[in-house]
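Work through the exercises below with the structure at hand, trying each task before reading its solution.

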Amino acid sequence: MTLPSHAGIVVIGGGIIGCSTAYHLARDHKADVVLLEQGKLTSGSTWHAAGLVGQLRSSASITRVLKYSVELYKGLEAETGLATGWKMTGCLRLATNADRWTEFKRLATTAKSFGMDMQLLSPAEVKRMWPLMDTSDLVGASWLPTDGQASPSDITQSLAKGARMHGAKLLEDVRVTGFEMKDGRIVAVKTDKGDIACEKVVNCAGQWARQVGAMAGINVPLQPVKHQYIITEKIEGLANDAPTIRDPDRRTYFKEEVGGLVMGGYEPNPQPWTTGDVPNDWEFRLFDDDYDHFEQHMAQAIERVPALANAGVKQMINGPESFTPDGNFILGVAPECANMFVGAGFNAFGIASGGGAGWVLAQWVVDGEAPLDLWVVDIRRFSGLHRDRDWVCDRTLEAYGKHYTIGFPHEEYLSGRPRIVSPLYERLKTHRAVFGSKLGWERPNWFAPGSVEPEDIYSMGRQNWFGPVGDEHRHVREKVGIFDQSSFAKYEMTGADALKALDFICANDINKPVGRLTYTQLLNTRGGIEADLTVSRLGEDRFYVVTGTGFRTHDLSWIGDHIGQGLDATLKDVTEDFGTLSLMGPCARDVLSAVTDADVSNAAFPFGHAREIEIAGHTVRALRVTYVGELGWELHVPIAATGEIFDSLMAAGKQHDIRPVGYRALESLRLEKGYRAWGSDITPNDTPQEAGLGWAVKLRKNTDFVGRRALETAAGKPLTKRFAGFTVDGPEIVLVGRETILRNGEPVGYLTSGGYGYTLEKNIGYGYVRNTDGVADHFLASGEYELVVAMKRTPAKIQLEPMYDPAGEKIKA
Ligand SMILES: Cc1cc2nc3c(=O)[nH]c(=O)nc-3n(C[C@H](O)[C@H](O)[C@H](O)COP(=O)(O)OP(=O)(O)OC[C@H]3O[C@@H](n4cnc5c(N)ncnc54)[C@H](O)[C@@H]3O)c2cc1C
């Protein structure tokens, strides 16, 4: 087939992800799509995958994506005539200790919350299902009957055929060599066979996605790692419908294949491949067998399945696969270039994800907007830090090594730290800060009293910081605390049309006098919440935008992409220009007034205002706002003066017993006050009305804004889901999120956040209660509620008002 001179959409890469994306673009959107593959279809990582297909992830949306894959693989043969090898064998996950068992109980609860029937089995039940297994060390196993296995190459060929049937052109032996760019957008794809002009590009180049992205200045932070498994000869007594097994305590997995076993694992000492470019001529290639490295898996696997000791090894597969620094794949529109989309970095679950990832990516390409909450895989979760290949490699290897370790709540990564520190880092260390890391920034999670070692000790129950964080929490409620929030992402929007641009982007009314601060959501066209931030008007044509640390790239590119054509509005990231000190608590005003001549009385400086004030000879942007429900200010200070200003606040606050406070106390404080967290409580799947944030939307004003039409359409209909709080008694109960909400014994939703409120002395959870006939107040208030926590039902009380400070006085005037 000759190369077309033009295509609406060019997909690069003929692995499972590229073929699935092309299939969905052609089938669902009738798009004019051309797929280019440098070798033959499947010849990258896809052909040598083991083919296990699991579905459950900790994100509801990603689980939905994986469930879609299974539905697609089941039915694809009927459409294309090509089989996918799909077998619904079910999957057993084995637990050999109490912590793992607790993890599985939470996992099974999550599964039920997401509508999947995961069961917990006894060792005897496992033995009956898999007689060749030694179950003597098992506590039990989880069982997901709808998981299975498939043939990676067959699925991909079937998707490719389906794509062609729907009109896509798939071309082999065409290598993409570069892009022609104009005004930051791709206008043509260059190949070794000629150029193709196009409107959009989808980079599905597997482990080459990084270098293909780099040709257009786009960062795709993945790291190829060697991943091995063996295929054995036939094993007597192994059923051909034997469930797949994941044995995380032994770091191994198993799958039946033509009467033998496929067995591989995730070792703690993974072997990265190159941090440079991946060679182009890697078609259908593998690394040499490495039995020395694989021996650790072999020894563990034989203990689990003793018959393996006598089974001949037919073949070893040692292939490259792309892994990422957080174990999630990379999807969506590149922040550096609005018409390149990426689907790569599949962390050895690309076969399981392929069908669903192609489905949502195709929709994203066509709409320019993710069709559901895909934040955990969104390419905009990365930042400039992720351009550092060595850092990405170290963190990725740590994530790979943790693939099968027990996932303790609140666990932090250790590699590549400290990377970015605030000017207070050394000072906070002397206060015995225990740091966590967020987007590379070291941030104090809590402060260890003299009697406690300053380090996290993880467990499935209450962890060692539980008591000290309670002290920090109460200190903010009763006196005053200071939070180092310098990692906040900060932008300035300036220009004659800055107001017009932001007014269209923000759901709340930011057209207020100079000196006012507005809390607002940014909505997508479905009315879903894409961002949650504050906008302060510093001048007629000057706005200061502050958002969460992790959302830096995402929110910047969302705002940038939605500035109306031709407007005079410039957006600048000023994160590193300002340190942020949040001074919070009933004594905050006493402390602030001692270090500034500015009038900080409530009359002169009310809630929701922003002023420039002088502290220690420096001009400070003081924002009267709070995330903890107490009187307080966010002080945005020139970065170089952060230490000096911190010292003067600490000195002035001495008589009020001021102390630094960490992020874990912040979380507990905000849970009590009912402030929503973006990414968990509020996401692109939720509208402000559903989230109880309708008060922050300017529907009554006659101005257009992104999402308005969708909210207006929904306005006449009853809400079918609503955000609500829950309290649970019992100090031994630990809420971690995703616990099922039962109303009158029936599941109606699950927790999006869970934690502990030290003032209330109760566990606190939030989540959406769903009902197709509506969720009016009387419906919510009339039910009897329970939460399912680690598979156990426990009574809960619904709370429709903030649990702390329900009167909502103007934040402790
Ligand atoms: C040993 C092993 C076992 C695995 N087991 C499983 C499993 O059990 N379950 C599971 O879900 N996943 C598994 N995986 C992971 C799975 O194989 C991958 O996640 C998946 O194949 C990735 O597909 P892809 O389309 O992103 O990449 P690829 O299949 O690598 O496709 C990318 C394609 O892009 C092409 N390309 C690159 N650059 C260019 C260019 N410049 N121009 C044109 N074309 C280009 C390449 O030639 C390649 O064909 C395993 C992986 C390995 C290594």
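A polar contact is a pair of N or O atoms within 3.5 Å; within protein, one must be able to donate a hydrogen and the other to accept it, and residues adjacent in sequence count only if both atoms are side-chain atoms. This is a predicted model, in which local features need pLDDT of at least 70 and side-chain atom pairs count only at pLDDT 80 or more, while totals for chains, interfaces and linings use all residues. Residues are numbered from 1 along each chain as its sequence is written, and side-chain values use heavy atoms, with hydrogens and water left out.

**Exercise 1.** Find the backbone atoms that lie close to polar atoms of the ligand, and then describe the shell around it.

Solution. Begin with the nitrogen side, where a polar backbone atom of V176 is 3.0 Å from a nitrogen atom of the ligand. Of the 1000 Å² of accessible area that the ligand has on its own, the protein covers 98% (Shrake-Rupley method, 1.4 Å probe). Elements that give two or more residues to the shell are α1 (16–29), β12 (223–232), β17 (313–323) and α8 (350–367); helices (H or I, at least four residues) and strands (E, at least two) are DSSP runs, numbered from the N terminus. In total, 37 residues surround the ligand, and the closest are E37, S45, T46, E321 and A352 (a residue counts if one of its heavy atoms lies within 4 Å).

**Exercise 2.** Determine how α2 and α5 are oriented towards each other.

Solution. First, take the axes of α2 (residues 60–80) and α5 (residues 152–165), which come within 10 Å and cross at roughly 50°; axes are lines fitted to C-alpha atoms, for helices over the stretch in contact, and angles run from 0 to 180 degrees between N-to-C directions.

**Exercise 3.** Locate P418 and R738 and describe their backbone.

Solution. The peptide bond from R417 to P418 is cis, with omega near -10°, and P418 sits in the loop between α9 (389–401) and α10 (425–430). R738, a residue other than glycine, has a positive phi near 75°, and its place is in the loop between β33 (721–728) and β34 (740–743).

Key
Parallel < 35°, antiparallel > 145°, perpendicular 65-115°, else oblique.
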